[in-house]
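These are my notebook entries on one structure, written down in the order in which I looked things up. I give the cut-offs of each term where I use it.

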Amino acid sequence: AAQSLEEIGKTIEKCTKCNLAKGRTKSVPGEGNHNPSLLVVGEGPGRDEDRTGRPFVGQAGNYFETWMKAIKLSREGDFFITNIVKCRPPENRDPLNEEIEACLPYLERQIELLQPRVILCLGRVAAYSLLGLSESLTLLRGKKHNYHGIPVVITYHPAAVLRNLTLRAPVWEDLKKVTRLLSEG
């Protein structure tokens, strides 16, 4: 079933595969460049995202945009940004395994269509879900990972960094790694 990104978005808007659909205002399929060098994957939409239908638009999203500006990347020109689950989990809890399993095929199809050169996972849930890994984020960071041959960089979620500013230095290392991988591509 070869669907375009637009068709996937429309399917996600109507999706009822898991219980998250019952509580959503809007689903959040993702947005950005449709021929991106970088794909950014977060865990799930928060309150602002649920309200607007756009990924990473709240406080953590604004903070994330400063990371991208620091490495000279923009949503319009360089990357596509989405989440593991496309509807907001209640109280921003981690998505449950069955919610992730219901939603993951959408992301897998998006990756197939987008063909990014590098994937950046923001946070533990994104890394676990996409790569099937279960070590702590501290152990996963800085190691070489790939998804069907696409290099994957794992870093902390912007919301976690806002809560703990000591994580800024490791995130900067990870962002430099993204830049390095993109320049090799």
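**Entry 1: salt bridges**

I searched the whole structure for salt bridges (a side-chain nitrogen of Lys or Arg within 4 Å of a carboxyl oxygen of Asp or Glu) and the search found 9. Before going on I noted that this is a predicted model, in which local features need pLDDT of at least 70 and side-chain atom pairs count only at pLDDT 80 or more, while totals for chains, interfaces and linings use all residues. I also noted that residues are numbered from 1 along each chain as its sequence is written, and that side-chain values use heavy atoms, with hydrogens and water left out.

I looked up Arg75 next, and found that its side chain meets that of Glu31 in a salt bridge at 2.8 Å, N to O. Arg75 lies in the loop between helix 4 (59–70) and strand 3 (79–83), and Glu31 lies in strand 1 (residues 31–32), so this pair ties together parts that are 44 residues apart in sequence.

Another salt bridge joins the side chains of Lys176 and Glu173, at 3.2 Å, N to O. Lys176 and Glu173 are 3 residues apart in helix 9 (residues 168–184), and are therefore separated by about one helical turn. An α-helix has 3.6 residues a turn, so residues three or four places apart point the same way. With a relative accessible area of 35%, Lys176 is partly exposed, and Glu173, at 43%, counts as partly exposed too.

**Entry 2: Phe79**

I then turned to Phe79, which is found in strand 3 and is buried, with a relative accessible area of 0%. Not counting residues up to four places away in sequence, Phe79 touches (heavy atoms within 4.5 Å) several residues, among them Glu31, Phe64, Glu65 and Met68.

**Entry 3: helix 6**

How many of the 8 residues of helix 6 are buried? The count is 6, so helix 6 is largely enclosed by the rest of the structure. The buried residues are Val125, Ala126, Ala127, Ser129, Leu130 and Leu131, and they pack against several elements, including helix 5, strand 4 (118–122) and strand 6. Gly132 follows helix 6 and has a positive phi, near 65 degrees.

Two packed helices are described by the angle between their axes and the distance between the axes. The axes of helix 5 (residues 97–114) and helix 6 come within 10 Å and cross at roughly 80 degrees. I take axes as lines fitted to C-alpha atoms, for helices over the stretch in contact, with angles running from 0 to 180 degrees between N-to-C directions. Helix 5 and helix 6 are therefore roughly perpendicular (65 to 115 degrees, whereas under 35 is roughly parallel, over 145 roughly antiparallel and the rest oblique).

The contact is made by Ile100, Leu104, Leu107 and Ile111 of helix 5 and by Val125, Ser129 and Leu130 of helix 6. Ser129 is in helix 6 (residues 124–131) and counts as buried at 12% relative accessibility. Leaving aside neighbours within four places in sequence, Ser129 is in contact with Ile84, Ile100 and Leu104.

Notes:
Helices (H or I, at least four residues) and strands (E, at least two) are DSSP runs, numbered from the N terminus. Buried means under 20% relative accessible area, exposed over 50%, partly exposed in between (1.4 Å probe, protein chains only).
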